[in-house]
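These are my notebook entries on one structure, made with the coordinates open beside me. I record what I looked up, entry by entry.

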Amino acid sequence: MFPDELSNFLVEIGQPKFRAKQIFSWLHSGICDFDLMTNLPKTLREELKERCYIADVSIVRKLESKIDGTVKYLYSLYDGETVESVLMKYEHGYTVCISTQVGCRMGCSFCASGLNGLFRNLTASEMLAQIMAAQRDNNIRVSNVVMMGMGEPLDNFEQSVRFLQLVSHNDGMNIGLRHISLSTSGLVPGIKRLAEYNFPITLSVSLHAPNDEIRKSIMPVAKSYSIEQLLSVCRDYQSVTTRRISFEYALMEGVNDTDACAEELSKRMKGLLSHINLIPANPVKENSFKKPDKKRILRFQKLLESKGINATVRRTLGADIDASCGQLRRKEKEGESNEILQQN
């Protein structure tokens with residue numbers, strides 16, 4: 001709830017409005033127990049316990065990279081479903097990559113998150129809880145958020161927008177919107193709606209191909225929205241927000257890593273204030289995609305730069321702990337199935 005919603009709720013149950021700010025402050029400091037809200041009267045705390053619940057997550061599994069300290073979490077939600085989140089340390093501070101859905105319906109063939117489809121959307125509070133849990137567990141303050149974990153944020157539009165408004169609230173966690181990235185597989189109507197809010201976030205578009213033919217073969221969403229439609233709405237989005245757009249491009253050997261692909265991609269990007277984030281493809285056992293060798297990756301980058309396109313190769317974090325989302329949850333589920341089979 002926002003403070004004004006809390007105020008209205010308190011009035012409905014016969015409590016003074018001013019308590020709303022106190023409750024909001026407790027919730028956004030990561031407190032998940034009404035009894036710990038010590039500046040509230042005991043009678044109010046008891047009533048809140050009867051009428052309300054605080055969305056929290058519990059840590060099911062935690063993997064820490066011995067290479068760079070990246071921490072991957074598998075969180076359990078109130079209904080037993082699980083989602084993944086990743087905590088990354090940079091020179092500028094801590095970044096958390098959060099999930100917005102349990103599973104995903106986009107079905108990108110190179111991604112582990114959607115292998116079993118979509119189970120349900122997360123609420124804004126369940127998104128916030130992922131950040132708070134990482135902060136509590138490491139005794140840190142997160143300064144940056146990436147909505148790039150499990151799920152498609154724009155397929156859970158209302159709750160994703162609500163999360164952005166809550167996480168940046170002055171009386172809450174107060175994480176500036178300029179420190180938040182939202183990743184989309186390219187839902188054209190969602191990008192159009194997002195532009196209306198004019199959030200100063202970084203929009204990150206999963207492109208992964210220079211043309212419709214390749215994109216359709218790896219991303220089902222491309223069958224609904226062509227690259228021309230996608231880049232057109234990106235230009236419209238940019239004209240409203242004046243923000244540079246980041247385009248994610250997972251390099252897959254023999255699929256989208258050729259010189260011809262680099263040439264075509266550079267032509268597509270002309271006129272867009274953009275940055276190409278080149279990502280060596282993560283190996284997923286359910287598909288055969290492989291990352292190109294280092295020489296091919298650097299050549300692809302240099303070809304783009306020679307055409308005036310800003311491109312960098314993403315540094316791989318947590319390589320020893322399968323830090324890309326979807327894999328840990330799937331392993332946990334497979335473990336449960338194997339355990340059931342063994343018991344039977």
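**Entry 1: helix α5**

I began with helix α5, residues 157–167, and found F157, S160, V161, F163, L164, L166 and V167 buried. I note at the outset that the model is predicted.

**Entry 2**

I then traced the open sheet of 10 strands, whose pairing is mixed. Its order reads β1-β2-β3-β4-β7-β8-β9-β10-β11-β12. At the edges I found β1 (58–64) and β12 (311–313), each of which pairs on one side only.

I looked up two of the pairings. Strand β4, residues 93–97, pairs with β7 in the parallel sense over 4 bridges, and T95 stands opposite N144 in β7. Strand β10, residues 245–251, runs parallel to β11 and is joined to it by 7 bridges; here I245 stands opposite S274 in β11.

**Entry 2: strand β11**

Is strand β11 enclosed or open to the outside? I found 7 of the 7 residues of β11 (274–280) buried, so the strand is largely enclosed by the rest of the structure. I recalled that side chains in a regular strand alternate between the two faces of the sheet. I therefore checked each face of β11, and both are covered. On one side S274, I276, L278 and P280 are buried, and on the other H275, N277 and I279 are buried.

**Entry 3: helices α6 and α8**

How are α6 and α8 oriented to each other? I read a packing angle of about 5 degrees between α6 and helix α8 (residues 227–241), with their axes 9 Å apart. Angles under 35 degrees count as roughly parallel, and α6 and α8 are therefore roughly parallel to each other. At the contact, V188, I191, K192, L194 and A195 of α6 meet Q229, L230, V233, Y237 and V240 of α8. By class I recorded 8 nonpolar, 1 polar and 1 charged residues there.

**Entry 4: R268**

Last, I looked up R268, which lies in helix α9, residues 259–269. Leaving out residues up to four places away in sequence, R268 touches P210, N211, I227, E228, L231 and R235. The side chains of R268 and E228 are joined by a polar contact of 2.6 Å. N211 is 57 residues from R268 in sequence, yet their C-alpha atoms are 8.8 Å apart in space.

Terms used:
Residues numbered from 1 in each chain as written. Predicted model: local features only at pLDDT ≥ 70, side-chain atom pairs only at ≥ 80, totals over all residues. Heavy atoms only, no water. Buried < 20%, exposed > 50% of the residue type's maximum accessible area, 1.4 Å probe, protein only. Contact = heavy atoms within 4.5 Å. Polar contact = N/O pair within 3.5 Å; in protein donor to acceptor, adjacent residues only side chain to side chain. Axes fitted to C-alpha atoms, helices over the stretch in contact; angles between N-to-C directions. Parallel < 35°, antiparallel > 145°, perpendicular 65-115°, else oblique. Nonpolar A, V, L, I, M, F, W, Y, C, P; charged D, E, K, R; others polar. Pairing = 2+ DSSP bridges.
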